Structures are given as structure tokens and as C-alpha cells.
Amino acid sequence: MISHTFTFMKKLLQTTGIALALGLCCTLGAQAQSKSKPATKKAPATTAQQAPKKSGEMDMSQMKTYYMALLKKGPYQPTDTAEVNSIQRGHMAHIRKMAADGKLVMAGPFLDNGELRGIFIFDVATLEEAKALTEADPAVKAGKLIMELHPWMSQRGTTLP
């Protein structure tokens, strides 16, 4: 099942884009969690003020906006090993600090060595804050990476399996 899901997700990434695939990953993760863990909370009862949701209608109260940085190959690609290693150490230290500060929810590289190098997913108040955090990255400062930043929505509390 996991191998089939991975193959499906890889094909989905190649054909429809990262945002759709990540959303599907989160949905699959939530479904897997709900099947493997017993329910600990009952859903709140519908009150007179709350109309029941129609089938297929999205409950926006369960959604949260994050900011996704798509990190792309930049114009500067150093060839000196010491410089490459120095930039990478700074990049990883920056990632660890953002995560420790609770601002970076997820980060990671793409493994196909293409123009799209990796992602950051931020849990911050504004797009400007996510932009400042990404621009402070040593690899972005050096020009090794450039970023493309987007608001992104996912279900609250969703985690990957």
C-alpha cells in the first residue's frame, strides 16, 4: 500500500503540481490516522445556530493558511567544495532555528535534482514574515536558491504518516 501510494504521489507531482500532491498527502495522512487511532473526541453536536454541512461542502473552520516557499535553483552555483559545504551548513542551521522557533512546519529537498530544489512550509501570521524568513536563509542570500512564495491552505492538525 505504501509503495503504491508513493508511486501514485510521484506521478501526481509530475503531472499536476506540488500543491495538489501535498494536499492529497495531508488528506491521506489524516485518513490513515483516523483508521489507526481510536477516536478520542466526539464531534460537537449541531446546534440550532449551526446548519448542518451539505455533502461535499468544505468546513472552513477546520482549515488553516500556511505559507509555502518553493525553493528553486538560483543563478549562483558554486563549484568550490568548501563554499558549497559552508552555504549548506548555514542553510541547515537556519532551517533548524526556524523549526525551533515554531515558524517552520516542514521543509525538505526534492530528490530529482531538477530546477525545483525543495520546500519550506511556514506557520506564520503573514506572507511578509514568511518572505523575510526565506530571504534570511544563507543559500538564498548567496543566490544558490531563489524562492517562490504562496499562501497555502490545509486542514488543521493534519500530519503526514
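Asp137 is buried yet takes part in no salt bridge, and the nearest side chain of opposite charge, Lys141, is 8.9 Å away. Here buried means under 20% relative accessible area, exposed over 50%, and partly exposed in between (1.4 Å probe, protein chains only). A salt bridge needs a side-chain nitrogen of Lys or Arg within 4 Å of a carboxyl oxygen of Asp or Glu; Lys and Arg count as positive, Asp and Glu as negative, while His and the chain ends are not counted.

A word on what you are viewing: this is a predicted model, in which local features need pLDDT of at least 70 and side-chain atom pairs count only at pLDDT 80 or more, while totals for chains, interfaces and linings use all residues. Residues are numbered from 1 along each chain as its sequence is written, and side-chain values use heavy atoms, leaving out hydrogens and water.

Back to Asp137, which you will find in the loop between H4 and H5. Helices (H or I, at least four residues) and strands (E, at least two) are DSSP runs, numbered from the N terminus. A polar atom of the Asp137 side chain lies 2.7 Å from the backbone nitrogen of Ala139. Leaving aside residues up to four places away in sequence, Asp137 touches His91, His94 and Phe120, where contact means heavy atoms within 4.5 Å.

Phe120 leads us to the largest nonpolar core, which has 16 residues; Phe120, Phe122, Met98 and Leu104 are among those with the most contacts inside it. Such a core is a set of buried Ala, Val, Leu, Ile, Met, Phe, Trp, Tyr and Cys residues joined through side-chain atoms within 4.5 Å. Among the elements giving two or more residues to this core are strand E1 (63-73), helix H3 (81-100) and strand E4 (145-155). Apart from it lies another core, of six residues, including Met68 and Trp152.

Now for the aromatic rings. Rings of Phe, Tyr and Trp (its six-membered ring) pair if their centres lie within 6.5 Å; planes under 30 degrees apart are stacked, over 60 edge-to-face, and the rest tilted. By this rule there are two aromatic pairs. Tyr66 and Trp152 have ring centres 6.2 Å apart and planes at 45 degrees, so this pair is tilted. The pair links distant parts of the chain, with Tyr66 in strand E1 and Trp152 in strand E4, 86 residues apart. Phe120 and Phe122 form an edge-to-face pair, 5.7 Å centre to centre with 75 degrees between the planes, and both are buried.

Methods: A polar contact is a pair of N or O atoms within 3.5 Å; within protein, one must be able to donate a hydrogen and the other to accept it, and residues adjacent in sequence count only if both atoms are side-chain atoms.
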